[in-house]
Amino acid sequence: MSTTDNRRKAPAGERVADWADGRLGIYSLAKANMRKIFPDHWSFMLGEVCLYSFVIIILTGVYLTLFFHPSMNEVVYHGSYVPMQGMHMSEAFKSTVDISFDVRGGLLIRQIHHWAALIFLAGMFVHMMRVFFTGAFRKPREINWLFGFLLFVLGMFTGFTGYSLPDDLLSGTGVRFMEGAILSFPIVGTYISMFLFGGEFPGSDFVPRFFSIHVLLLPGIMLGLLVAHLILVFYHKHTQFPGPGRTNKNVVGMPLLPVYMAKAGGFFFLVFGLIAAIAAIATINPIWAIGPYRPDQVSTGAQPDWYMGFAEGLIRVMPGWEINVAGHTFVLGVFIPMMIFPLVLAAIAVYPFIESWVTGDKREHHLLDRPRNAPTRTAFGVAWLTAYMVMMIGGGNDLWATHFHLSINAITWFVRIGFFVGPVLAFIATRRICLGLQRRDKDKVLHGRESGIIKRLPHGEFVEVHEPLSQEQLHTLTAHEQPKPLELEPEVDENGVARKVGATRKLRVKLSKGFYGEGTHIPKATAEEYHEITSGHGHH
Amino acid sequence: MKKLSARRRHPLAAVVVLLFALAVTGGLYAAFAPAESAKADDTAQSLAIEEGKKLYSVGCASCHGTGGQGTSDGPSLVGVGSAAVDFQVATGRMPLQQQGAQAPRKKAIYTQAEIDQLAAYIASLGAGPSVPTKNQYSPDGADIAKGGELFRTNCAQCHNFVGKGGALSNGKYAPSLEGVNPKHIYEAMQTGPQNMPSFPDTTMSEQNKKDVVAYLDTVNSDKTKSPGGLELGGLGPVSEGLFAWVFGLGALIAVAIWVAAHTAKAKKS
C-alpha cells in the first residue's frame, strides 16, 4: 500500500471488513457484542474450561477417527505389542491398539481425548454447582440452566459410547451392564436389546452403531446446545456477585474485546497445555493391559468412567430383588436403580422451577446470591451432592474395601443407609452452618473486624480492638435481600365470606415458610442498629 | 586254572560263589544306579523331616494340631503337599499373626532352609503337590498371549485385569500379584490357598501355568513397561477419575484463579 492512491483508497483491512459487512452484516453484530462487558471472577471461567475441553475433544476425536475402524470383524493381532501376538480380537480393538503403538502420536492423542473427556464432565459438574449455589439459574436463565443440564447428561452418554468403542474387556463389561439394564425393563426390555445389538448380545453391530452415536449424533446435538447456551449467555448478559456499584441493572467488568478475547484465548491454550501435559504424564484406559472383549471373561474392578459411577453405585448396592408375575420375571434389583438414576438427576434439573414456584419470585435476577444467604437452597444442593457422593462410594466399593482394609459388605450397608440418611443430615448441618455464617456477617457489620490487637484500658480492662469495615465491605455484606414467606390468606375475606384455599396453595405456603420462614435466616443488620452501636460504643 | 578246578568241589565253594555273585550284583548296582546320592538324600530327607517336625511343633502345632491333623483354629495339613507349605510360609502368610478374614502377605519369618524342612515334614504326612522346579515356573518358552487369555478367563474375576488385586466378600480379598515370586504364583495355582480355587495339572496343564506366570511377569512386574506414563495403580476408571478431578480440574481451577487475579490494568481512580 505504498502507492499514491493511499489517500483515496481505504486500508486493506477496512476494505475487507466493508466487503464482509455488506454481505454478512457483521458490523452491527460486532458493534453490539465486541464491547460486551463480562465480570471478573475465577468461578465464571469454569464454563470456559468446559468449552475448551470440548473443543479439544473434538479436535483429538477427529484425529482418532482417521485411524479407528469401527468394525467387529475378527482379526488376528500381529502388531508391535508383543504380549498380544497371535490373539484374536475385533478390528475395533486392534485399530485402537494400533493407534496406541503404531500411529505417530496416537497414544498421546488418545490419552488427551480421554483425559479431556473426564475433565470436560468434571468441569460441567462444577460449573453446574457454581450456577446452582449462587442462584444464577433464576429468571431469566432457567432455560439456559436446562441447556447446561442437558449438555451434562448428553456428555455422560457421549462419554459412555466413546468408552465402549475400543471393544476392550473393560468397556465390553460396561456394555454388558447396559444390556442388563435394558433387559430389566418390563415387556419392552428384550425388544430394545435385540434392536440395539442387532440380535443377541454382543452381536457384531454395536461398535459401528455406537460409533455413529458417539461421533455424529450426540456431539452434533451437544454442539447445537452449546451454541444456544453461549448465545443465551450473551443475550442475558453475565451475572455478577454483589458489590459496590453493582446492581441488578448493570454489569461491572471488562469488555469482551480486547480484554476477554486475550484472556479467554490465553486460557484456551493453558487448558489445552495442561490437559496435554496430564495426557503425557499419566496413562488412561490402557487397553493393551486390559485385553480384548470376550463375553466369557470378566475382571474385578470393572467400573465405568467417573460420571457413570453414580449409576454403578446404585446397581452395586441394590439388593438383588426379583419377582415373578404370571410367568414373567421382573428384575427389580436392576430396574429400580435404573429408575432412581434419572430421578436423582432430574431433582437438580427441576429445582429452579420448584424454587420459583415455592417462593413466588417472578423477578429477574442478575446479582448472584452468596450461598450462605440462601440457606435452604444451599442445604438442598449439599444434600443432593451428598447423595451423589455416597453413591460414588458405592460404585467404587471394591476399591474402598481393598485400599482401606474394610469389608465390602459393610461398605454396601453404609451406602444403602447413607443414601437416605446422609442427605438429611447434610441438609440440617448445611442450613445451620449457613445461619452461623450469617450471624458472623451481622457481627462483622455491627462490630467490625476482629483485629487481634488487645488493648488495656486505664482502669485495667482488656479489650480487643475491632476495626470497622469499609463502606464497600458493609455494602457487600448487607446487599442481599431477605425474602418474606408467602402467607395464607385469612379464612374469611373482608365481607366475612369463607374463603376456599386449595391444597396446592396450602402446600406452597408451607414450603415457602420452610424456605423463608422462621429459623431460616438471621435478620441482617439494619442501618439503625449500625448507627446505634457505632455511636453508642465509640470506635474501640 | 588247575588249582581252581581242583577246588571246585570244596565244601566252601558254594559260599565263595554266593559271595562273589553278591559282590558283582551289588557292585553293578552301585556302579549303574544313582545309589550313592539316593542313599545320601535319604538321610538328608529324614533329617529334614526330623528338623521340620521340630519347627512345626514350635510354630504351627498350636493351630494345626500336633500331628498336622488340624484343630478348630486351623485346617488339617495332611495331603496339602510341600508346595502349599512353601507358598504359605515363604510369603509370610503363615504363621498367622492373628485370626481374621484372611491371612495377609507379610515378611517371611523362616529362612528358605527352614521352610524346606517344614515342607518336608508336611509332605511326609500325606501325598500332595510338591514345590515346583525352576524349570516349571520360569517364564522362558511360554506363550504370553495365551497366558493373558488364560489369566482373563480364570483369574481376572478376582485379581483384576493384570493382577492388581480386588475385593471379595466380608473383608476377604484377592491380593495384588505385583512383585510376587513366579514360584509362589505357580504354587498358588497348584494349591489354591485361602479363598482361591486350586488349578491342579488336570485342570490347568503345567504349560498353561507357565503361560500365566509369563503373562504376569510381562504385565505386572518390575520389567513391565507403561507406555502411556504413570499407571495410577492400574485400577481403572476409579483412580483415573480421581486423578482427573484432583490434578486435572484442580490444576485448571488454580489456573483460572490465577488468570482471574491478573486482570487488565484499568485506571483505578
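Predicted model: local features only at pLDDT ≥ 70, side-chain atom pairs only at ≥ 80, totals over all residues.
A residue is called buried if 20 or more other C-beta atoms lie within 10 Å of its own, exposed if 12 or fewer do, and partly exposed in between.

Helix 10 of chain B, residues 182–191, shows how the definition is applied. Of its 10 residues, 10 are buried, so the helix is largely enclosed by the rest of the structure. After helix 10 of chain B comes B:Gly192, which has a positive phi, near 60°.

The view may now be widened to chain B as a whole. Chain B contains 12 helices and 2 strands, and along the sequence they follow the pattern α-α-α-α-α-α-α-α-α-β-β-α-α-α. A compact globule of 269 residues would have a radius of gyration near 18 Å, whereas chain B has 31 Å. The C-alpha trace of chain B spans about 145 × 45 × 35 Å along its principal axes. Of the 269 residues in chain B, 38% are buried. Among contacts in chain B with a separation of 6 or more, 64% join residues 24 or more positions apart.

In an unreviewed entry, UniProt places the feature "domain: Cytochrome c" at residues 47–126 and 142–220 of chain B. Residues 47–126 of chain B are 51% helix and 0% strand, and the end C-alpha atoms of this span lie 17 Å apart. Residues 142–220 of chain B are 49% helix and 5% strand, with end C-alpha atoms 16 Å apart.

UniProt, again in an unreviewed entry, lists B:Cys155, B:Cys158 and B:His159 under "binding site". B:Cys155 is located in the loop between helix 8 (144–154) and helix 9 (156–159) of chain B. B:Cys155 has 25 other C-beta atoms within 10 Å and is therefore buried. B:His159 belongs to helix 9 of chain B. B:His159 also counts as buried, because it has 24 C-beta neighbours inside 10 Å. Leaving aside residues up to four places away in sequence, B:His159 touches B:Gly165, B:Gly166, B:Ala174 and B:Leu177.

Chain A is considered next. Chain A is divided into domain 1 (1–33), domain 2 (47–306) and domain 3 (433–537). The centres of domain 1 and domain 2 of chain A, taken over C-alpha atoms, are separated by 41 Å.

Helix 5 of chain A is followed by A:Gly135, whose phi is positive, near 70°.

A:Asp443 counts as partly exposed because it has 15 C-beta neighbours inside 10 Å. From A:Asp443 to A:Ala17 the separation is 426 residues in sequence and 58 Å in space, C-alpha to C-alpha.

Definitions and conventions. Residues numbered from 1 in each chain as written. Chains lettered and ligands numbered in written order. Helix = DSSP H or I, 4+ residues; strand = E, 2+ residues; numbered from the N terminus. UniProt positions renumbered as here; feature names shortened; annotations may be inferred. Rg over C-alpha atoms; globule rule 2.2 N^0.38 Å. Contact = placed C-beta atoms within 7 Å. Domains from an automatic or database assignment.
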